[in-house]
Each structure stands twice: as structure tokens, then as C-alpha cells.
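Trainee: I am new to this one. Please put it on screen, and then we can go through it by question and answer.

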Amino acid sequence: MSDDAQALHVETRTVNSQPVVTICGDVDLRSAPQLRRQLLSAPRTGDGSLLVDLSGVEYMDSSGVGTLVYVKREVEDRKGKVILIGLQPRVRSVLEITRLDKFFNIVDSTDEVAGK
Amino acid sequence: MSGGDRLFIELRSDPGELLPLRRRIQEWSQERGWSEQQISEIVLALDEALTNVIRHGYGGATDGRIELTLEQIDGPADEAGLEIRVRDFGRQTDPDRICGRSLDDIRPGGLGVHIIRSMTSSTEYGRAPGGGMLLVMRKLKTHVAVRDNSGAGA
């Protein structure tokens with residue numbers, strides 16, 4: 001399988017005047033470093049928060065979860081927040097198994113971001 | 001208890017092997033009647049086991065050898081299931097020291113062993129004869145992952 005076929009697709013779109021980073025693909029040991037790089041350099045909201053749409057991620061292992069923990073710490077160090085949007089059931093399940101579902105701000109859709 | 005059909009795969013300790021392997025195991029498990037949820041648990045346990053081998057057994061080197069065996073186990077309902085053996089030829093470690101960290105200690109890394117244990121009915125680590133480690137995971141047909149709700153949580 002080619003490198004391109006395994007790469008994550010990451011793009012930033014604007015929703016309700018806020019930048020939302022949209023991730024598509026599997027997050028595992030191979031792709032987690034790319035996710036970390038792209039999230040750390042992604043545009044933030046006016047208050048320094050990072051909105052991450054994970055609805056296109058059907059699979060995430062502990063490498064991806066660890067990456068999200070790392071990024072959240074980095075963003076919080078700069079007084080921002082990380083909000084995870086639209087988790088697929090399997091991704092949510094991994095966060096529940098590791099009891100990180102309460103650690104993250106998780107919403108079902110971008111419409112729910114306001115007030116988080 | 002008796003063994004059923006087997007799948008043997010040899011792969012390199014290259015993270016690029018993980019995605020195609022997950023797809024192959026998913027297909028193989030589907031053909032053997034595992035439920036969608038159980039398949040996702042089998043695939044995740046295996047992915048985490050291989051990730052640990054790549055990271056810790058081979059220290060990130062991508063040319064290490066890994067042998068993977070999946071075997072359907074026939075038998076009564078409380079014995080039937082799947083046995084997964086992950087054999088590597090990397091660094092040996094004391095099996096008693098392989099344990100997941102506390103989930104209350106929130107930081108990147110250290111979650112793989114916890115996930116593997118949650119996804120499987122039993123997990124045994126051992127030093128393999130001749131070097132490397134052997135991990136034997138079993139998943140009963142009746143097993144689904146359990147969420148650990150004890151402790152303070154995050």
C-alpha cells in the first residue's frame with residue numbers, strides 16, 4: 001500500500017466563522033505523527049482553541065489517543081481548549097475504555113461548539 | 001478444546017504494515033462469523049500488540065520480523081473463540097513488568113496494554129525460546145470489551 005493511501009487527509013474549513021480542522025483516515029502508529037504535526041500547526045479560534053472534526057476517522061488506536069492528549073496539553077498551556085467533534089462509535093469506545101471520554105471536550109456536531 | 005483453521009502471517013516491524021493487516025484480519029474474522037463489535041475489538045487488540053512490538057521490541061526499527069498466528073478454537077460456548085499469537089525476535093523484557101499504567105495518570109503513551117487486556121478474554125506475555133517475546137491473546141466467542149469504571153476517572 002502506498003504512503004499516500006495511508007496518509008491522513010487534513011483540511012481546515014470555516015464553520016460559523018470558526019476554523020475547524022477536519023481529519024479523515026485511520027489514526028495509528030504510522031499516521032499519529034502526521035496528526036500531531038498538523039494539529040499543532042492548525043489555525044485556532046479567536047480564544048486560542050482548537051476545533052477538531054473527527055467524523056471522518058473510523059479507527060484510532062492508543063497512538064492517536066496519546067497524540068490527542070499531547071495536543072490538548074499543548075493547547076491548554078496557551079490557555080486554549082481542544083474540542084473534539086463528531087466521534088465515530090469505535091473512536092468514542094477507545095476513549096471510554098481508557099477513561100479519557102471525560103478528559104476531552106466532546107460534542108456531536110459543530111453546532112454544539114458554542115458555549116463549550 | 002480443539003484447534004480450527006489457522007492464519008499465519010509474517011510481517012516487518014513497519015508501521016505501514018498495520019493498515020493493510022487490519023483490513024486482512026477484519027475480512028478473515030468476518031468470514032468466520034464474528035460480530036462487527038468483536039471484530040473491531042480483535043483488530044484493535046492486535047494493532048496495539050504490534051504497536052508495542054514495533055515501539056518497544058524493535059525500538060522503532062522497521063526491519064524486525066514479526067510472526068502472527070490466528071487460530072479459531074472450537075469447543076463449547078465457554079471455550080470457543082480465537083487465539084492470537086504474536087511472536088517477535090526483538091528485545092526481551094520481564095513479562096511481569098508489562099503492565100498498563102494507571103488510567104488516572106493522564107499522559108500520552110502507556111495505554112496499549114490496558115486496551116489489549118480490555119479487548120481480550122486473556123493475555124499472556126512470555127519470553128520466547130531463542131529470543132524475543134511471545135504474546136498469546138485469547139478471545140472467547142462470548143467476550144465483549146469491558147469498560148473499567150472504577151476509580152476517579154479523568
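Helices, strands and contacts

Trainee: Is the crossing of α2(B) and α3(B) left-handed or right-handed?
Mentor: Helices (H or I, at least four residues) and strands (E, at least two) are DSSP runs, numbered from the N terminus. A crossing is left-handed if the near helix is turned anticlockwise from the far one by less than a right angle, and right-handed if clockwise. For α2(B) and α3(B), the crossing is left-handed.

Trainee: What kind of model is this?
Mentor: Residues are numbered from 1 along each chain as its sequence is written, while chains are lettered from A and ligands numbered from 1 in the order in which they are written. Local features need pLDDT of at least 70, side-chain atom pairs count only at pLDDT 80 or more, and totals for chains, interfaces and linings use all residues; this is a predicted model.

Trainee: Are α2(B) and α3(B) roughly parallel or roughly antiparallel to each other?
Mentor: Axes are lines fitted to C-alpha atoms, for helices over the stretch in contact, and angles run from 0 to 180 degrees between N-to-C directions. The angle between α2(B) and α3(B) is about 150°, and their axes are 9 Å apart. Angles under 35 degrees count as roughly parallel, over 145 as roughly antiparallel, 65 to 115 as roughly perpendicular and the rest as oblique. The two helices are therefore roughly antiparallel.

Trainee: Which residues of α3(B) meet α2(B)?
Mentor: Two residues are in contact if their C-beta atoms, placed from the backbone, lie within 7 Å. From α2(B) come E41(B), L44(B), A45(B), E48(B), A49(B), T51(B) and N52(B), and they meet, in α3(B), G112(B), I115(B), I116(B) and M119(B).

Trainee: How many residues of α3(B) are buried?
Mentor: A residue is buried if 20 or more other C-beta atoms lie within 10 Å of its own, exposed if 12 or fewer, and partly exposed in between. The buried residues of α3(B) pack against α3 and α4 (89–97) of chain A, together with α2, β4 (122–127) and β5 (133–140) of chain B. Among them are H114(B), R117(B) and S118(B). Of the eight residues in α3(B), the number buried is seven.

Trainee: Which helix gives the most to the side of chain B that touches chain A?
Mentor: The contact takes 26 residues from chain B and 22 residues from chain A. On the chain B side, α1 (18–31), α2 (36–57) and α3 (112–119) each supply at least two residues. With six residues, the one that gives the most is α2(B).

Trainee: How do α2(A) and α3(A) lie to each other?
Mentor: Helix α2 (residues 32–40) of chain A packs against helix α3 (residues 62–77) of chain A at about 20°, with the axes 9 Å apart. The crossing is right-handed. The two helices are therefore roughly parallel.

Trainee: Is T67(A) buried or exposed?
Mentor: T67(A) belongs to helix α3 of chain A. Leaving aside neighbours within four places in sequence, its contacts are A32(A), L35(A), R36(A) and P108(B). With 23 other C-beta atoms within 10 Å, T67(A) is buried.

Trainee: Is S17(A) buried or exposed?
Mentor: S17(A) lies in the loop between β1 and β2 (18–24) of chain A. It is not a glycine, yet its phi is positive, at about 65°. With 7 C-beta neighbours inside 10 Å, S17(A) counts as exposed.

Trainee: Where is K79(A) found?
Mentor: K79(A) also has a positive phi, about 70°, although it is not a glycine. It is exposed, with 9 other C-beta atoms within 10 Å. Its place is the loop between α3 and β4 of chain A.

Trainee: Which strands stand at the edges of the chain A sheet?
Mentor: Two strands pair if DSSP finds at least two bridges between them. The sheet is open, has five strands in the order β1-β2-β3-β4-β5, and its pairing is mixed. Each edge strand has a single partner, so one side of each is left without a neighbour in the sheet: these are β1 (9–15) and β5 (105–107).

Trainee: Which residue of β5(A) stands opposite I85(A)?
Mentor: Strand β4 (residues 82–85) of chain A runs parallel to β5(A), joined by three bridges. Opposite I85(A) stands V107(A).

Trainee: What is the phi of G75(B)?
Mentor: Strand β2 (residues 65–74) of chain B and strand β3 (residues 81–88) of chain B run antiparallel, with eight bridges. One bridge pairs L70(B) with I84(B). The two strands form a hairpin with six residues between them, and in its turn G75(B) has a positive phi of about 145°.
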